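Have a look at the sequence and the model first, then read on.

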Amino acid sequence: MINAYMYSPFMMYWDWTYIFVIIAAVISAIASMKVNTTFSRYSSVRAMSGMTGAEAAQRILRSQGIMDVQVRHVSGNLTDHYDPRSKILNLSDSVYGSTSVAAIGVAAHECGHAVQHQVGYAPLNIRSTLVPIANFGQTISWPLILIGFLLNGSVSQMFLYAGVILFSAAVLFQLVTLPVEFNASSRALRLLQDNGILASDEIGKTRKVLSAAALTYVAGAIGAILQLLRLLILIGGRRRDD
Ligand SMILES: [Zn+2]
């Protein structure tokens, strides 16, 4: 959940717009603190069903008639994700074998993505299409912008505009991620209830975990928008200086 935009070459420049970088960093830190504390609190609350994250995922997938998705164990902390290309649902150390309400919630959330994939949920498809463009944009935009700032005249403008357009693709990706994540969590809670995996008081606890996780995506999107704003202000200021 590291926000790559924080580590842009523009950290070197100290100007008033740097406040945007600081705000983005603070929001990101608060969100990640919130998800870590909420997850660890509900990691110690054992679900009455006694099911592990992996078992819950299996049951949910079967209940939706999804037979071709594999549930696998992946190392790391909060590294859980569903890979639509390989149809593999990866669950992390603290989720795969854990019987906590937090683990089951995360597992169900990943199932939510698998269901989105199965039903052809439009924002997920848009997001998947944007992945390569966003990755390329994120990697190449800052070097282009930096070169643009070092050059002069129309060549400089060309680099700056190309950089901004590519950076915007990365921002768009962050925005499209939001409905995908919120929808996966609401599907998860419904599926947990419908399949009788969690009792209603447990659902409330799981909802807290998933809401905290969603906050990190909101923080990422806000951070990306703030970076884009800063970029536009810096470029605007430079044009006035020309
Ligand atoms: Zn997700």
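What share of the contacts in the protein chain with a separation of 6 or more comes from residues 24 or more positions apart? The share is 74%, where a contact means heavy atoms within 4.5 Å. Please keep in mind that this is a predicted model, in which local features need pLDDT of at least 70 and side-chain atom pairs count only at pLDDT 80 or more, while totals for chains, interfaces and linings use all residues. Residues are numbered from 1 along each chain as its sequence is written, and side-chain values use heavy atoms, with hydrogens and water left out.

**Overall layout**

The protein chain holds 7 helices and 3 strands; these are DSSP runs numbered from the N terminus, with helices being H or I of at least four residues and strands E of at least two. The C-alpha trace spans about 65 × 35 × 25 Å along its principal axes. Of the 242 residues, 48% count as buried, meaning under 20% relative accessible area, with exposed being over 50% and partly exposed in between (1.4 Å probe, protein chains only). The chain exposes about 11700 Å², and carbon and sulfur atoms supply 63% of that area. Accessible areas come from the Shrake-Rupley method with a 1.4 Å probe, and for residues only the protein chains shown count as cover.

**The zinc site**

Which residues coordinate the zinc ion? They are His109 (NE2), His113 (NE2) and Glu181 (OE), at 2.0 Å. Donors here are N, O and S atoms within 2.8 Å of the metal (3.2 Å for Na, K and Ca), and water is not among the atoms, so sites may look incomplete. The spacing of the donor residues in sequence is H-x3-H-x67-E. His113 sits in helix α4 and Glu181 in helix α6 (residues 153-194), so this pair ties together parts that lie 68 residues apart in sequence. His113 is buried, at a relative accessible area of 8%, and Glu181 is buried too, at 6%.

**Where α1 meets α4**

Helix α4 (residues 101-119) also meets helix α1 (residues 18-43): their axes come within 6 Å and cross at roughly 120 degrees. Axes are lines fitted to C-alpha atoms, for helices over the stretch in contact, and angles run from 0 to 180 degrees between N-to-C directions. The two helices are therefore oblique to each other; angles under 35 degrees count as roughly parallel, over 145 as roughly antiparallel, 65 to 115 as roughly perpendicular and the rest as oblique. On the α1 side the contact is made by Phe39, Tyr42 and Ser43, and on the α4 side by Val101, Ala102, Ala103 and Val106.

Leu78 is in the loop between β1 (70-73) and β2 (81-83), while Lys87 belongs to the loop between β2 and β3 (88-91).

Is Asn135 buried or partly exposed? With 47% relative accessibility, Asn135 counts as partly exposed. Asn135 lies in helix α5 (residues 122-150), and its C-alpha atom is separated by 9.5 Å from that of Leu166, 31 residues apart along the chain.
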